[in-house]
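I opened a new page for this protein and wanted a quick picture of its fold. Here is what I looked up, in order.

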Amino acid sequence: MTATTETAPPEPEPGHDPAESTGSVEQTARALHSPVVEWFDAHARDLPWRRPEAGAWGVMVSEFMLQQTPVNRVLPVYEQWLSRWPRPADLAAEAPGEAVRAWGRLGYPRRALRLHGAAAAIAERHGGDVPKEHAQLLALPGVGEYTAAAVASFAYGQRHAVLDTNVRRVFARAVTGRQYPPNATTAAERKLARALLPEDEQTAARWAAATMELGALVCTARAPSCSKCPITHLCAWQLAGCPEHVDPPRRTQTYAGTDRQVRGKLLAVLREAVTPVPQATLDRVWSDSVQRARALDGLVADGLVEPLPGGVYRLPMT
């Protein structure tokens, strides 16, 4: 499950037909639907946001938290969050800095501000209930195409193409015969995902969750368990002999020594503080004064930290 603020995808390569190696998309879809959904029914993890009591708000919170963050790190924060803020209005009533504080060490803390902004909009525009319509979801601050589709599908059982990293990898292998999808989601991938959707809404919502789970548990990035896959006999990548990835090297993210690490250390101090923190305290966080100042300036610019007169800082209150 991925990304909040999506940008327009690049255009597909001229002449590329994502289904040409496996026949028509319609035939491929019909062959894939039943085994994938049946596998999901038997093997889906019991995750709190999949339970009926989670509701649409629980689904939305999970989608924000799971972007670029593994399930095992999200689970404890998710439980604490829903216990403290069981409805969007509960979160909206708090200062945005409290959302940043409660986000803990999940990383990419701007997601906390975006979720707070979405909660405030839900409370103001929709009477405190997460809207059902895809367009209304998409109009919420911090909600992009992926998140809107995921909430509409997983919370309300609607028919939408839900494309996260796991689903894109499943489709790349099973349908296009490639080991990995492109680095950025393409228009061709979106078109393929829509074409693969079952016509029935309930089945389509199940298919969306099932393909995501298949990518997370079986069709993994580094060591896929092809012998456990319900569609290995249909997989275009398997049938092609599992060719190696030939596109430009996939980017890997570093953390140690980066501005991201410094930002995290600065935020950790501010999250623990009950009163504004003086500059001298923050100066002890990182020895490189230039990088530390740059990281702090970035946090202020992003609205994650609020500077006050007298050279002290706190989490945002407004």
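A note on the ground rules. This is a predicted model, where local features need pLDDT of at least 70 and side-chain atom pairs count only at pLDDT 80 or more, while totals for chains, interfaces and linings use all residues. Residues are numbered from 1 along each chain as its sequence is written, and side-chain values use heavy atoms, with hydrogens and water left out.

Next, the overall layout. I noted 15 helices and 3 strands in the protein chain; these are DSSP runs numbered from the N terminus, helices being H or I with at least four residues and strands E with at least two. Along the principal axes, the C-alpha atoms fill a box of roughly 70 × 45 × 35 Å. I also saw that 46% of the 318 residues count as buried, meaning under 20% relative accessible area, with exposed being over 50% and partly exposed in between (1.4 Å probe, protein chains only).

Then I went inside. The largest nonpolar core has 52 residues, and Trp57, Met60, Met65, Trp81 and Leu115 have the most contacts inside it. Such a core is a set of buried Ala, Val, Leu, Ile, Met, Phe, Trp, Tyr and Cys residues joined through side-chain atoms within 4.5 Å. Among the elements giving two or more residues to this core are α3 (71–84), α6 (110–125) and α13 (259–272). Helix α2 gives the most, with 8 residues.

I picked out Trp81 and listed what it touches (heavy atoms within 4.5 Å). Leaving out residues up to four places away in sequence, Trp81 touches Trp57, Val61, Met65, Leu91, Ala99, Ala102, Trp103 and Leu115. There is also a second, separate core of 32 residues, including Leu32 and Phe171.

Last stop: Tyr156, in helix α8. Is Tyr156 buried or partly exposed? I have Tyr156 down as partly exposed, because its relative accessible area is 25%. Tyr156 touches Ala56, Val130, Pro131, Lys132 and Val151, again not counting residues up to four places away in sequence. Leu192 lies 36 residues from Tyr156 in sequence, and their C-alpha atoms are 23 Å apart in space.
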